[in-house]
Amino acid sequence: MFDVFNAINEIKIENNRKIIENFITKEWEQKLLLFINNINIIPKESNVFRCFNYFDISKTKVVLLGQDPYPNSNDACGLAFSVERKENLPKSLTNIFKELESDLNVTRINGNLENWAEQGILLLNAALTFVDDQSRQAECIKLWKQFTKYTLSKIIGKNKNVIFLILGKKAEETCEGLNIKNKIITSHPSPLGYTKGFKNSKIFSRVNEILKNEDEQLIEW
């Protein structure tokens with residue numbers, strides 16, 4: 001059985017852990033368990049909050065917000081869009097790398113995006129778990145969006161200049177009502193969304209242009 005509090009204990013950065021603990025209550029956990037109890041969740045429990053292990057969220061430079069984890073355990077690793085291999089990349093990540101090459105002439109084949117996280121990019125999904133049951137996953141997303149929106153509000157409260165890179169409708173819905181200064185919105189990079197706004201979006205150069213204007217160090221994509 002998935003234990004939210006065990007997963008939280010995997011967060012190494014104390015301030016991040018405290019912020020998340022302040023939101024997650026036993027009542028919220030019990031609601032979540034109604035939809036994921038007795039189902040194998042993705043990613044594994046120890047990686048659910050992995051994106052919060054790279055820097056204090058008060059120092060976030062960019063929030064890259066997706067929808068939910070990849071739907072299989074070989075892909076999902078707790079960092080949005082990232083995988084821990086170099087070959088046979090998921091189609092969404094392949095499309096992200098296509099845009100990166102088109103935008104900045106950067107060719108990338110390694111699907112592990114930890115180097116992005118290490119530069120202050122929060123690789124976050126609207127929902128932090130995936131279950132192989134469409135109706136249950138829809139309810140999971142609703143509950144996780146409460147958590148995600150809370151976390152994003154805390155980030156904005158610490159740094160109003162943080163850049164939000166919002167990929168897809170569910171990510172956009174999660175940000176509704178938040179006072180975001182720097183916002184870049186595109187369609188999801190999946191095959192269904194790629195040509196509907198993600199292709200030629202130049203998201204990488206746009207992020208760096210904002211950072212340049214704010215005298216911040218640019219991201220090495």
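Tutor: Note that this is a predicted model. Begin with strand 2 (residues 121–125): five of its five residues are buried, so the strand is largely enclosed by the rest of the structure.

Student: Which way do the residues of strand 2 point?

Tutor: Ile-121, Leu-123 and Asn-125 point one way, Leu-122 and Leu-124 the other, and all are buried.

Student: In which sense do strand 1 and strand 2 pair, and over how many bridges?

Tutor: Strand 1 (residues 62–66) pairs with strand 2 in the parallel sense, over five bridges. In one of these pairs, Gly-66 has Asn-125 of strand 2 as its bridge partner.

Student: How should I read a nonpolar core?

Tutor: In soluble globular proteins, nonpolar side chains tend to be buried together. Here the largest nonpolar core has 77 residues, and Phe-49, Phe-52, Trp-144 and Phe-147 have the most contacts inside it. Helix 6 (residues 134–158) gives the most to this core, with nine residues.

Student: What is Phe-49 in contact with, leaving aside neighbours within four places in sequence?

Tutor: Its contacts are Val-4, Ala-7, Ile-8, Ile-11, Ile-20, Ile-24, Leu-128, Trp-144 and Phe-147.

Student: What span does helix 4 reach, and what is expected?

Tutor: Helix 4 (residues 91–104) has 14 residues and reaches 20 Å from first to last C-alpha, close to the 20 Å expected at 1.5 Å a residue. Asn-105 follows helix 4 and has a positive phi, near 60 degrees.

Student: Which elements cover the buried residues of helix 4?

Tutor: The cover includes helix 5 (114–117) and helix 8 (203–213). Among the buried residues of helix 4 are Leu-93, Ile-96, Phe-97 and Leu-100, and also Glu-99 and Asp-103.

Technical notes. Residues are numbered from 1 along each chain as its sequence is written. This is a predicted model: local features need pLDDT of at least 70, side-chain atom pairs count only at pLDDT 80 or more; totals for chains, interfaces and linings use all residues. Side-chain values use heavy atoms; hydrogens and water are left out. A nonpolar core is a set of buried Ala, Val, Leu, Ile, Met, Phe, Trp, Tyr and Cys residues joined through side-chain atoms within 4.5 Å. Buried means under 20% relative accessible area, exposed over 50%, partly exposed in between (1.4 Å probe, protein chains only). Helices (H or I, at least four residues) and strands (E, at least two) are DSSP runs, numbered from the N terminus. Contact means heavy atoms within 4.5 Å. Two strands pair if DSSP finds at least two bridges between them. The expected span of a helix is 1.5 Å times one less than its number of residues.
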